[in-house]
Amino acid sequence: MSIISWIILGLLAGVIAKVLLPGRDPGGFIGTTLIGVAGAFIGGWISARWLDHPITKDFYDGATWAAAIGGSLVLLIVYRLLFGNSRD
């Protein structure tokens with residue numbers, strides 16, 4: 001996949017992570033989607049590095065989507081833990 005594909009995948013993964021983990025985020029929609037992009041990269045790297053599932057060239061691979069969404073969820077949880085009370 002190209003870098004543009006990873007960005008699109010990350011944006012969609014960020015939105016899906018936001019739906020799966022509702023609530024008030026310190027960064028709003030833009031911050032959540034940027035976390036999604038970073039989560040897609042991190043999830044793909046973890047999948048390739050430690051889970052022995054190399055990154056495929058197919059945009060529609062379920063494991064790639066699961067890694068991207070999982071990475072986005074982890075980053076969203078960490079982001080909320082670190083900066084969750086900044087909007088109060």
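This is a predicted model: local features need pLDDT of at least 70, side-chain atom pairs count only at pLDDT 80 or more; totals for chains, interfaces and linings use all residues.
Residues are numbered from 1 along each chain as its sequence is written, and side-chain values use heavy atoms, without hydrogens and water.

S72 belongs to helix α3 (residues 62–83); helices are DSSP runs of H or I with at least four residues, numbered from the N terminus. The side chain of S72 reaches the backbone oxygen of G36 at 3.2 Å. Beyond its neighbours within four places in sequence, S72 is in contact (heavy atoms within 4.5 Å) with A13, G14, A17, I35, G36, G39 and A40.

Helix α2 (residues 28–49) has 22 residues and should span 32 Å at 1.5 Å a residue; the distance of 31 Å between its end C-alpha atoms agrees with this. The expected span is 1.5 Å times one less than the number of residues. Among the buried residues of α2 are I35, G36, G39 and A40. The buried residues of this helix pack against α1 (3–20) and α3.

I4, in helix α1, is exposed, with a relative accessible area of 52%. I4 also contributes to a nonpolar surface patch of about 590 Å², together with I3, I7, I8, L11, L12 and F41. Helix α1 supplies the largest share of this patch, six residues. Such patches comprise residues with over 30% relative accessible area and no salt bridge, nonpolar side chains (Val, Leu, Ile, Met, Phe, Trp, Tyr) being joined within 5 Å and like charges within 9 Å; a salt bridge places a side-chain nitrogen of Lys or Arg within 4 Å of a carboxyl oxygen of Asp or Glu.

Notes: Helices (H or I, at least four residues) and strands (E, at least two) are DSSP runs, numbered from the N terminus. A polar contact is a pair of N or O atoms within 3.5 Å; within protein, one must be able to donate a hydrogen and the other to accept it, and residues adjacent in sequence count only if both atoms are side-chain atoms. Buried means under 20% relative accessible area, exposed over 50%, partly exposed in between (1.4 Å probe, protein chains only). Accessible areas come from the Shrake-Rupley method with a 1.4 Å probe; for residues, only the protein chains shown count as cover.
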